[in-house]
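Let's take a walk through this structure together, one feature at a time. Keep the picture open while you read.

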Amino acid sequence: MMNTNELIKKIEELKELEALIREAEAEVEALKDEIKMEMQNREEMNVGRYIVRYKVVKSDRFDNKKFKDDCPDVYKMYVMSTCSRRFTITG
(Lines give C-alpha, C1' and ligand atoms only; values in the text may rest on other atoms or scores of the structure.)
Protein backbone atom coordinates (compact mmCIF):
# COMPACT_ATOMS: atom_id res chain seq x y z
CA MET A 1 0.00 0.00 0.00
CA MET A 2 1.27 3.47 -0.90
CA ASN A 3 2.02 6.08 1.70
CA THR A 4 0.55 9.59 1.43
CA ASN A 5 3.55 11.08 -0.37
CA GLU A 6 3.58 8.28 -2.97
CA LEU A 7 -0.15 8.68 -3.54
CA ILE A 8 0.21 12.46 -3.93
CA LYS A 9 2.97 11.88 -6.49
CA LYS A 10 0.73 9.48 -8.45
CA ILE A 11 -2.17 11.96 -8.38
CA GLU A 12 0.08 14.79 -9.60
CA GLU A 13 1.45 12.58 -12.38
CA LEU A 14 -2.10 11.69 -13.38
CA LYS A 15 -3.12 15.36 -13.44
CA GLU A 16 -0.10 16.24 -15.63
CA LEU A 17 -0.88 13.45 -18.09
CA GLU A 18 -4.56 14.44 -18.25
CA ALA A 19 -3.51 18.03 -19.02
CA LEU A 20 -1.21 16.79 -21.81
CA ILE A 21 -4.05 14.72 -23.26
CA ARG A 22 -6.42 17.72 -23.24
CA GLU A 23 -3.76 19.85 -24.92
CA ALA A 24 -3.09 17.19 -27.58
CA GLU A 25 -6.83 16.72 -28.21
CA ALA A 26 -7.22 20.48 -28.71
CA GLU A 27 -4.33 20.46 -31.20
CA VAL A 28 -5.88 17.51 -33.05
CA GLU A 29 -9.22 19.32 -33.35
CA ALA A 30 -7.51 22.51 -34.56
CA LEU A 31 -5.67 20.57 -37.29
CA LYS A 32 -8.89 18.81 -38.33
CA ASP A 33 -10.66 22.18 -38.55
CA GLU A 34 -7.90 23.59 -40.77
CA ILE A 35 -8.14 20.60 -43.11
CA LYS A 36 -11.96 20.85 -43.22
CA MET A 37 -11.74 24.55 -44.12
CA GLU A 38 -9.32 23.72 -46.93
CA MET A 39 -11.77 21.13 -48.28
CA GLN A 40 -14.52 23.78 -48.52
CA ASN A 41 -17.65 21.92 -49.71
CA ARG A 42 -15.87 18.86 -51.05
CA GLU A 43 -16.65 15.53 -49.42
CA GLU A 44 -13.44 13.89 -50.58
CA MET A 45 -10.00 15.12 -51.51
CA ASN A 46 -6.84 13.35 -52.67
CA VAL A 47 -3.76 14.76 -51.00
CA GLY A 48 -0.62 12.92 -52.01
CA ARG A 49 -0.93 9.41 -50.66
CA TYR A 50 -3.91 10.34 -48.49
CA ILE A 51 -7.61 10.42 -49.20
CA VAL A 52 -9.41 12.83 -46.88
CA ARG A 53 -13.16 12.44 -46.47
CA TYR A 54 -15.59 14.80 -44.77
CA LYS A 55 -19.00 13.38 -45.53
CA VAL A 56 -22.46 13.98 -44.18
CA VAL A 57 -23.63 11.04 -42.08
CA LYS A 58 -27.35 10.68 -41.41
CA SER A 59 -28.44 8.75 -38.36
CA ASP A 60 -31.78 8.10 -36.72
CA ARG A 61 -31.92 8.20 -32.96
CA PHE A 62 -34.65 7.53 -30.48
CA ASP A 63 -35.78 10.69 -28.67
CA ASN A 64 -35.97 9.52 -25.05
CA LYS A 65 -37.01 12.92 -23.70
CA LYS A 66 -39.91 13.30 -26.12
CA PHE A 67 -41.03 9.72 -25.47
CA LYS A 68 -40.86 10.32 -21.72
CA ASP A 69 -42.91 13.52 -22.07
CA ASP A 70 -45.47 12.00 -24.47
CA CYS A 71 -45.87 8.56 -22.84
CA PRO A 72 -44.68 8.77 -19.23
CA ASP A 73 -46.46 5.58 -18.10
CA VAL A 74 -45.01 3.48 -20.90
CA TYR A 75 -41.59 5.05 -20.37
CA LYS A 76 -41.64 4.04 -16.67
CA MET A 77 -42.31 0.44 -17.68
CA TYR A 78 -39.06 0.30 -19.64
CA VAL A 79 -36.72 2.36 -17.47
CA MET A 80 -33.91 0.34 -15.97
CA SER A 81 -31.71 1.64 -13.17
CA THR A 82 -28.00 0.95 -13.19
CA CYS A 83 -25.23 1.59 -10.70
CA SER A 84 -21.65 2.58 -11.41
CA ARG A 85 -18.71 4.18 -9.66
CA ARG A 86 -17.27 7.53 -10.70
CA PHE A 87 -13.56 8.26 -10.12
CA THR A 88 -12.79 11.94 -9.46
CA ILE A 89 -9.97 13.91 -7.90
CA THR A 90 -10.53 17.48 -6.74
CA GLY A 91 -8.10 19.98 -5.41
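**A guided tour**

Let's start with glutamate 29, which is partly exposed, with a relative accessible area of 38%. Here, buried means under 20% relative accessible area, exposed means over 50%, and partly exposed is in between, using a 1.4 Å probe and protein chains only.

Before going on, some ground rules: this is a predicted model, where local features need pLDDT of at least 70, side-chain atom pairs count only at pLDDT 80 or more, and totals for chains, interfaces and linings use all residues. Residues are numbered from 1 along each chain as its sequence is written, and side-chain values use heavy atoms, with hydrogens and water left out.

Back to glutamate 29: what does it pair with? It makes a salt bridge with lysine 32, with 3.7 Å between the closest N and O atoms. A salt bridge here is a side-chain nitrogen of Lys or Arg within 4 Å of a carboxyl oxygen of Asp or Glu. Side chains of opposite charge can pair when their charged atoms come close. Glutamate 29 and lysine 32 sit 3 residues apart in helix α1, so about one helical turn separates them. Lysine 32 is partly exposed too, at 42%.

Now find aspartate 33 and lysine 36, again in α1 and 3 residues apart, about one turn of the helix. They form a salt bridge as well, with the closest N and O atoms 3.9 Å apart. Aspartate 33 is partly exposed at 39%, and so is lysine 36 at 27%.

What about α1 itself? Helices are DSSP runs (H or I, at least four residues), numbered from the N terminus. This one covers residues 4-39, and at 1.5 Å a residue its 36 residues should span 52 Å; the end C-alpha atoms are 53 Å apart, which agrees. That expected span is 1.5 Å times one less than the number of residues. At the N-terminal end, asparagine 3 caps the helix, with a side-chain oxygen 3.0 Å from the backbone nitrogen of asparagine 5. After α1 comes glutamine 40, which has a positive phi, near 55°.

Further along, glutamate 44 and arginine 53 meet in a salt bridge of 2.9 Å, N to O. Glutamate 44 is partly exposed at 37%, while arginine 53 counts as exposed at 51%. The whole structure has 6 salt bridges.

Last, the cysteines: cysteine 71 is partly exposed at 30%, and cysteine 83 is exposed at 82%. How many disulfides (cysteine sulfur atoms within 2.5 Å) are there? The structure holds 0.

Terms used. Helix = DSSP H or I, 4+ residues; strand = E, 2+ residues; numbered from the N terminus. Polar contact = N/O pair within 3.5 Å; in protein donor to acceptor, adjacent residues only side chain to side chain. Disulfide = S-S within 2.5 Å.
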